[in-house]
Amino acid sequence: MPSPASVSGRWSSAASRSSRRGPRITVRLAWALSVLALPAQAENWTITPSIAVGETLTNNLYLTSTNRTSDLVTSITPGISIDGRGGRTSLRLGYSITQNIYARESSENNRQQGLVAVGTLEAVEDWLFVDASATISQQYISAFGGVAPSNANIDRNRTETFYYSVSPYIRGRLLSSADYLLRYSVSGTNPDSQVVSNTTTSQWLGRLNGDTRWSALSWSVDASSNSANYDVGRDRNDTRYGLTLAYRFNPELQVSAIVGREKTNLVSREDETNNDSGFGLVWTPSPRTKLDGRVTRRFFGDGYNVAFSHRMPLSALNYSASRDVSYQPAGVTNTGQGSNYDAFYAIVAANNPGLAPEAIRAQVNQIVQGRGVPADGSVVNGYLTNRPSLQTQQQISYALLGVRNTLTFNASESQQQPLGVVSGLTDDYSLANEVTQRGYGVIWGHQLTGLSSLSLSLNQQRSLAKGSGAVDSKTTGAYLLFTTSLGPRTSANVGARHVISDGGVNADYTESALTASLSHSF
């Protein structure tokens, strides 16, 4: 078993900056955009170029506990967003590239790209569809290395990661009594690090569902086949099929019984076949409240997926819990607008039932941007892995929208255990047989005037290793941000932060910084 020091050296050697590997990422980006150009016939386009210039004055550029280095970092970020919608196509794309320039440590100058793109195409009317998505993001290599407060800091535990997904599918009606769906999906995760494996996953999914002569009773037959290929180690396969019978007692309550089988080699080299049976529940006591849960007995024990949501006139509460196989962290594949954005969207939509989606999105954008509240409230970063894992996860979020004040609270916990052994592989699971990450974040936003706002956020993330190589790291931060509008398309902000990190592998540091940014959309 490697020592923490040897693992630390592995992480440090992986920290090549994107300025030295731009051509590889550029090729990947071009590929992603060519895939997402499928819906290029959208009837209505909104194309918005932008430019932002930021300054960060930090007293600990390298996030170290000794020999701290102060520096002034200039970040120049051109970007473009595209939102197109038509009768049979849609595209939402945001791309930016940031050039970080260091006043003292000029050898660290680097470029970092960011991409979130989602496209859909109805290739054959009401039958053949194609979904495609891609991201470029900064992802952590280890749960126990340093957690950086911003992309301006030099963090050897982070690497630029490209992800893509393409999924064609057909759906339709069969014999006027059943609906069918057949989908194929292929996705890839490509980190720009030699110590983290590239991953390619593919899935076939088929579903047939229908009603019976008894209106309260419905049925579905599902089958899926998953394949995961890692550059390091062997291929993993998992096949599941089953029958679900659902009975609706009344409009508010539906229960279901699930009977199935699963064949997999995720744990051992040989295929193992197990029962895959359980039950489900959907309870909707009112239009504002919903509980949806599903529990099955699988090869690793009980697997489940539970979601609860409750909406009040000016607030929203959401809770989710799951236990399932994970191939990569959710941050890599996340193409949504963000948990805070989704919560405010639900509140605005519920209070304005006749408002068009475009108008709702405009109001939500004004809320998150005008009050300095990030659209994404994620508080646990996750980390890249070289093998599948069993992930048990809980998340809770609460959002309150007032006339001049907003409040968001997010908390989550994730436990991951490796599935199977990979000979000669060194990663977090070499230190521990279980990794737990938990965190919380609170953000208060206040509208000072029609043009200015103030926000205060507190967050903490903790990573714990369970096993002979126990490691415990914790990062806590406080952030203050003043935001003002200088014109219809121009905004500015100034901020301050203080971050404390302790434990982990070379992750002890304190950092204070002042920030300022000016952005303009064309």
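A: Let us begin with contact, which means heavy atoms within 4.5 Å. Leaving out residues up to four places away in sequence, threonine 212 touches Leu217 and Trp219. The model is a predicted one, in which local features need pLDDT of at least 70 and side-chain atom pairs count only at pLDDT 80 or more, while totals for chains, interfaces and linings use all residues. Residues are numbered from 1 along each chain as its sequence is written, and side-chain values use heavy atoms, with hydrogens and water left out.

Q: Where does threonine 212 lie?
A: Helices (H or I, at least four residues) and strands (E, at least two) are DSSP runs, numbered from the N terminus. Threonine 212 lies in the loop between strand S8 (199-211) and strand S9 (217-230). Its C-alpha is 9.6 Å in space from that of alanine 178, and these two residues are 34 apart in sequence.

Q: How many helices and strands are there in the protein chain?
A: The protein chain has six helices and 23 strands. Among its contacts with a separation of 6 or more, 60% are accounted for by residues 24 or more positions apart.

Q: Is threonine 436 buried or exposed?
A: Buried means under 20% relative accessible area, exposed means over 50%, and partly exposed is in between (1.4 Å probe, protein chains only). Threonine 436 has 7% relative accessibility and therefore counts as buried; its place is in strand S19 (residues 434-447). Neighbours within four places in sequence aside, threonine 436 is in contact with Glu413, Ser414, Gln415, Arg462, Ser463 and Leu464. Across the protein chain of 522 residues, buried residues make up 44%.

Q: Which residues does threonine 77 touch, not counting residues up to four places away in sequence?
A: Threonine 77, found in strand S2 (residues 71-85), touches Ser50, Ile51, Ala52, Ser96, Ile97 and Thr98 on that count. With a relative accessible area of 19%, threonine 77 is buried. The C-alpha atoms of threonine 77 and glutamine 99 are 6.5 Å apart in space, with the two residues 22 apart in sequence.

Q: What relative accessibility does alanine 257 have?
A: Alanine 257, placed in strand S11 (residues 253-264), has 41% relative accessibility and so counts as partly exposed. Once neighbours within four places in sequence are set aside, alanine 257 is in contact with Leu243, Thr244, Leu245, Gly278 and Phe279. The C-alpha to C-alpha distance from alanine 257 to glycine 278 is 6.2 Å, for residues 21 apart in sequence.

Q: At what angle do the axes of helix H4 and helix H5 cross?
A: Axes are lines fitted to C-alpha atoms, for helices over the stretch in contact, and angles run from 0 to 180 degrees between N-to-C directions. The axes of helix H4 (residues 339-351) and helix H5 (residues 357-370) cross at roughly 125° and come within 9 Å. H4 is therefore oblique to H5, given that angles under 35 degrees count as roughly parallel, over 145 as roughly antiparallel, 65 to 115 as roughly perpendicular and the rest as oblique. The residues making this contact include Tyr341, Phe344 and Val348 of H4 and Ile360, Val364 and Ile367 of H5.

Q: Which residues touch the most other members of the largest nonpolar core?
A: A nonpolar core is a set of buried Ala, Val, Leu, Ile, Met, Phe, Trp, Tyr and Cys residues joined through side-chain atoms within 4.5 Å. The largest one has 14 residues, of which Phe344, Ile347, Val348, Val364, Ile367 and Leu401 touch the most other members. H4, H5 and strand S17 (389-401) each supply at least two residues of this core, and its largest share, five residues, comes from H4.

Q: Where is the residue with a phi near 50°?
A: Most residues other than glycine have a negative phi. Asparagine 67 has a positive phi, near 50°, and its place is in the loop between strand S1 (44-58) and S2. With a relative accessible area of 71%, asparagine 67 is exposed. Aspartate 126, also not a glycine, has a positive phi of about 55°, and it is placed in the loop between strand S4 (110-124) and strand S5 (128-140).
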